[in-house]
Amino acid sequence: MARSGGVFASDGGGRLFAVGEDGAVYRSSTASSGPDTAEFDRVADDLPQFLDLLHRSVLRFLRTGEPGYL
């Protein structure tokens with residue numbers, strides 16, 4: 001099923017993050033050359049939840065040096 005949304009971020013390694021029409025946040029499943037060729041997996045129900053996950057990931061990295069979920 002085709003979905004549409006807007007890409008708003010990248011992890012710097014080729015993975016893209018997008019907000020779908022449903023308001024959920026998606027991450028490309030692999031590094032991609034662009035949103036038209038990427039497959040996306042849902043990572044958060046909405047932008048506030050995504051930002052909370054991002055915050056927790058940064059804190060985990062600062063504490064342990066290990067990457068978080070995102």
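**Reading an aromatic cluster**

Mentor: At 4% relative accessibility, Phe50 counts as buried, where buried means under 20% relative accessible area, exposed over 50% and partly exposed in between (1.4 Å probe, protein chains only). This is a predicted model: local features need pLDDT of at least 70, side-chain atom pairs count only at pLDDT 80 or more, and totals for chains, interfaces and linings use all residues. Residues are numbered from 1 along each chain as its sequence is written, and side-chain values use heavy atoms, with hydrogens and water left out.

Trainee: Which ring forms a tilted aromatic pair with Phe50?

Mentor: First, the rule. Rings of Phe, Tyr and Trp (its six-membered ring) pair if their centres lie within 6.5 Å; planes under 30 degrees apart are stacked, over 60 edge-to-face, the rest tilted. Here Phe17 is the partner, at 5.3 Å centre to centre and 50° between the planes. Phe17 lies in strand β2 and Phe50 in helix α1, so the pair ties together parts 33 residues apart in sequence. Helices (H or I, at least four residues) and strands (E, at least two) are DSSP runs, numbered from the N terminus. Phe17 is buried, as is Phe50.

Trainee: How many aromatic pairs are there by this rule?

Mentor: The count is 2. Phe8 and Phe50 form an edge-to-face pair, 5.6 Å centre to centre with 90° between the planes. Phe8 sits in strand β1 and Phe50 in helix α1 (residues 47-64), 42 residues apart. Phe8, Phe17 and Phe50 form one aromatic cluster.

Trainee: Is Phe8 buried, exposed or partly exposed?

Mentor: Read the relative accessible area. Phe8 has 39%, so Phe8 is partly exposed.
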